Amino acid sequence: QVQLVESGGGLVQPGGSLKLSCEASVLTFTQYRMSWYRQAPGKQRDLVARIDATGGTINYADSVKGRFTISRDNAKNTAYLQMTSLKPEDTAVYYCNAWAWSPYDRPLDYWGQGTQVTVSS
């Protein structure tokens, strides 16, 4: 039973910045791989950034490399996505995902409700 709550979305001009947060209601946050996905209207959901459970491995989509930074604060059970140099094509609903191996066979896989990011002049 995990709840993920995203926040920080909004309207920003091209070239601006936003920082998204994803707070998890779990006691074992350090066991989860955290990811950010995004989905624009009429398009598929794409992986944006991912950080593993230890924080040692980080991956970004080519379209956001050098502009976005994913991080996590285990003491706060929170993952972040710092977005800079935003472009209109970054406009989408951004979703937080938590995934973890389970000793009881099937993995744990949870999604937040999403937060809207709109980049427009």
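**Strands, sheet and core**

Visitor: How many bridges join β1 to strand β3?

Guide: Four bridges link β1 with β3, which covers residues 18-24. These two strands run antiparallel. Keep in mind that this is a predicted model.

Visitor: Which residue is the bridge partner of glutamate 6 in β3?

Guide: Cysteine 22 of β3 is the partner of glutamate 6. Another pair joins leucine 4 to alanine 24, again in β3.

Visitor: And what about β3 and β8, how many bridges join them?

Guide: Six bridges tie β3 to β8, and this pair is antiparallel too. Cysteine 22 turns up again here: in β8, its bridge partner is alanine 79.

Visitor: Is β3 enclosed or open, and why?

Guide: β3 is largely enclosed by the rest of the structure, because five of its seven residues are buried.

Visitor: Stepping back, how many helices and strands does the protein have?

Guide: There are zero helices and 11 strands.

Visitor: What radius of gyration does the protein have?

Guide: The radius of gyration is 14 Å. A compact globule of 121 residues would come out near 14 Å, so the protein agrees with that. Its C-alpha trace spans about 50 × 30 × 25 Å along the principal axes.

Visitor: How many of the residues count as buried?

Guide: Of the 121 residues, 40% count as buried. The accessible surface comes to about 6900 Å², and carbon and sulfur atoms account for 47% of that.

Visitor: Which residues have the most contacts inside the largest nonpolar core?

Guide: Met34, Trp36, Leu81, Met83 and Tyr94 do, in a core of 31 residues. β3, β4 (33-39), β5 (46-51), β7, β8 (78-83), β9 (92-100) and β11 (115-119) each give at least two residues to this core. The largest share, five residues, comes from β9.

Visitor: Which residues does methionine 83 touch?

Guide: Leave aside residues up to four places away in sequence. Then methionine 83 touches Gly16, Ser17, Leu18, Leu20, Arg67, Phe68, Tyr94 and Val117.

Visitor: Let's switch to serine 35. Which strand does serine 35 lie in?

Guide: Serine 35 is in β4. Its relative accessibility is 0%, so it counts as buried. Apart from neighbours within four places in sequence, serine 35 is in contact with Leu47, Ala49, Arg50, Tyr95, Cys96 and Asn97.

Visitor: Now β11. Which residues are on its covered face?

Guide: Thr115, Val117 and Val119 make up the covered face. Gln116 and Thr118 make up the uncovered one.

Visitor: Which way do strand β2 and β11 run, parallel or antiparallel?

Guide: β2 (residues 10-12) and β11 run parallel, joined by three bridges. β9 and β11 also have three bridges, but that pair is antiparallel. Valine 117 of β11 is the bridge partner of glycine 10, and alanine 92 also has valine 117 as its partner.

Visitor: Last topic, the loops. Where is asparagine 77?

Guide: Asparagine 77 is in the loop between β7 and β8. Its phi is near 50°, a positive value in a residue other than glycine.

Visitor: Is asparagine 77 buried or exposed?

Guide: Asparagine 77 is buried, because its relative accessible area of 18% is under the 20% cut-off.

Visitor: Where is serine 85?

Guide: Serine 85 sits in the loop between β8 and β9. Its phi is positive as well, about 50°, though it is not a glycine. Serine 85 is partly exposed, with a relative accessible area of 38%.

Technical notes: Residues are numbered from 1 along each chain as its sequence is written. This is a predicted model: local features need pLDDT of at least 70, side-chain atom pairs count only at pLDDT 80 or more; totals for chains, interfaces and linings use all residues. Side-chain values use heavy atoms; hydrogens and water are left out. Two strands pair if DSSP finds at least two bridges between them. The radius of gyration is taken over C-alpha atoms; the globule rule is 2.2 Å times the number of residues to the power 0.38. Buried means under 20% relative accessible area, exposed over 50%, partly exposed in between (1.4 Å probe, protein chains only). Accessible areas come from the Shrake-Rupley method with a 1.4 Å probe; for residues, only the protein chains shown count as cover. A nonpolar core is a set of buried Ala, Val, Leu, Ile, Met, Phe, Trp, Tyr and Cys residues joined through side-chain atoms within 4.5 Å. Contact means heavy atoms within 4.5 Å.
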